Amino acid sequence: MIKQSAIALAFLVAIVGSAAAQVARLEVYPIASVTLADSEFLAGRSNGQSVTIAGELRIPKAGADRLPAVILLHGAGGMGGVGGSIDEWSRALNQLGIATFAIDSFSARGIVSTVADQARLGRLNMVADAYRALDLLAKHPRIDPNRIAVMGFSRGGQSALYSAMNRLYGTLGPANNLRFAAHIAFYPDCTTTYRGDTDVSDKPIRILHGSSDNYNPVAPCRAYVERLTGAHKDVKLIEFPDAYHVFDAPSLRTPLTLKGAATTRRCQLVEADDHQILNHETQKPFSYADACVERDPTLAYNEAASNQAHLFVRDFLSEVFQLQP
């Protein structure tokens, strides 16, 4: 059970007369996490700067039964709004009878967006946030601790993907060897090769990506999936033709060139022996000032790809969570 003090801190709102949203209750919880440099996280440190972030839990139906849940990790633009990926997937999953817990990893850290400066927050911090959210949800009286998955988008997709690494579970993972039931990564950045990144959880990993993505290109994810497959892991890459970055967000029906946004699409990054992230070409610590960094990627909704992704996730989670038809 969640401690009474935590419940007292939560902002609880009953949602009534909202059949479209399929939400019976909304609860907002504080989540104690830490902020670390990626090299510190990779070196096994867990005593970073303390921070209390927030998560929005949507419980889709009233009652006392324990429900499956999906933790949602946002991208570089933050939580977004109506028509964004977090909003769309919260609604879609709630309609399936799945609770959602959307984490805001930015606001408490004084960040609105990392689009113009990705160096403002280490790439692996949202992995730590996801683990702490899993700890919290596992104690909730309405959530089944054995049926909690993580799903992320772009920067959050990268965290959802690499949160499967046993090495990271060992550093800041949940208590009692609790694991996510599945890892779902939408258009993640796969350009970094971490030490031991094929030693992952035995739970299923699914990557959904657009073939035309010029922000986080799909090719490095193909290579990573090939290595994971070679290590006999439960992983699949689902590619959608002609789909750009954030293909699942209806708010981007008009394609957008994200002016000034940095992309590592031409970079190859690797973790060094001292846990620094190196530019493989220069063999020096990576910087967003490196020559391989390019800018101005495209964001665009793709209705066909989005519909197919929703069908895939519905079927996948129905199997993972053993949902009743």
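**Helices, sheet and disulfides**

Mentor: Helices here are DSSP runs of H or I with at least four residues, and strands are E runs of at least two. This is a predicted model, in which local features need pLDDT of at least 70 and side-chain atom pairs pLDDT 80 or more, while totals for chains, interfaces and linings use all residues. Residues are numbered from 1 along each chain, and side-chain values use heavy atoms, without hydrogens and water.

Trainee: At what angle do the axes of helix 3 and helix 8 cross?
Mentor: The axes of helix 3 (residues 85-95) and helix 8 (residues 303-320) cross at roughly 45 degrees and come within 11 Å. Axes are lines fitted to C-alpha atoms over the stretch in contact, with angles from 0 to 180 degrees between N-to-C directions.

Trainee: Which residues meet there?
Mentor: From helix 3, Glu88, Trp89, Ala92 and Leu93 meet Ala309, His310, Val313 and Leu317 of helix 8, where contact means heavy atoms within 4.5 Å.

Trainee: Next topic: in what order do the strands of the open sheet lie?
Mentor: The 4 strands follow the order 8-13-14-15, with mixed pairing; two strands pair if DSSP finds at least two bridges between them. Strand 8 (192-193) and strand 15 (284-285) are the edges.

Trainee: And how do strand 13 and strand 14 run?
Mentor: They run antiparallel, joined by 3 bridges. Valine 270 has leucine 278 in strand 14 as its bridge partner.

Trainee: How many disulfides are there?
Mentor: The whole structure holds 2 disulfides, counted as cysteine sulfur pairs within 2.5 Å. One of them joins cysteine 190 to cysteine 221, at 2.1 Å from S to S.
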